[in-house]
Amino acid sequence: MNRLAADPATNWPRLCDLPGLARLGIACLMLVVLGGLCVSAWHLHDHYENRDETPGLTMNDLKGAYHGVNAPSPLREALTRGHPEMLSATDREALLKWLSSDKLSENYDNLDLGDKAPSEVMSRSCLECHSRKHADKNPIAKSVPLDYWDDIKPIAFSKDIQPGSLKVLVASAHAHSLSLATLALVLAVLLFLTRLPRGVSGVLTACMGAGLLIDIACWFVARQNAGATYLVVIAGAVFNGACGLSAIAVLVDAARARCRASSPP
């Protein structure tokens, strides 16, 4: 009795001491958790991507969702800073006027504009450096081709992405904070029932707790400071990574045979 009191870990319960069916159930649940984490990442990608009208998930997509993004078109910025240098003042003014209109697609190759149509101006002023014909010799032509409207469209439009309403954010935080905190708490308890060193279990538990706290808190901070979006990404990755590793550790330990004989009477 004194020996057990001096060393409480001797009687610390372990997953591997549970009956086989119980361990099988826990292992199946961990597989569901791992699948849920994968599907969650998939959902986040599909939910946030293309908000900036650029293929794939970018930081602009995430900043737009949490803070909002108002960015001028890259083409306008290039023209404003004097690129290309050989472009005449009248042609530059015609392009800037076109970019300020709400008919970018319709007027790109509008025949009524004659040689001042954006397609004509860019053909004679930009394709020397930005045509696919020169891609083998000029890396700029390969990375930023301007031969067709489909090439120009992504850099012609300004981006004005508005964040979701505060009401929606509060509802999302309500649902996620309770469900994810409960998941992390269950994983933390199960971690300490595995044969992992307690120090490792402690680190994973800390990563889950701190990661989730910073992630959800920064949803609200990011509405005022776009830089907090980076913390949302980092903290979310830490939380999900720690949850995944914890679920794997529990799964592996539950799949192992009984780890110790029953204590003597």
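The paragraphs below go through a predicted model of one protein chain, from its overall make-up to one residue and then to its confidence scores.

Residues are numbered from 1 along each chain as its sequence is written. Because the model is predicted, local features need pLDDT of at least 70 and side-chain atom pairs count only at pLDDT 80 or more, while totals for chains, interfaces and linings use all residues; side-chain values use heavy atoms, without hydrogens and water.

The protein chain holds 13 helices and 2 strands. These are DSSP runs, numbered from the N terminus: helices are H or I with at least four residues, strands are E with at least two. Of its 265 residues, 34% count as buried, meaning under 20% relative accessible area with a 1.4 Å probe, protein chains only; over 50% is exposed, and in between is partly exposed. Among contacts (heavy atoms within 4.5 Å) between residues at least 6 apart in sequence, 63% join residues at least 24 apart.

Ser 119 is part of helix H7, which covers residues 118-125. Its relative accessibility is 16%, so Ser 119 counts as buried.

The predictor's confidence in each residue is given as pLDDT, from 0 to 100. The chain averages 85, and 90% of the residues score at least 70. Where pLDDT is low, predicted coordinates should not be read in detail.
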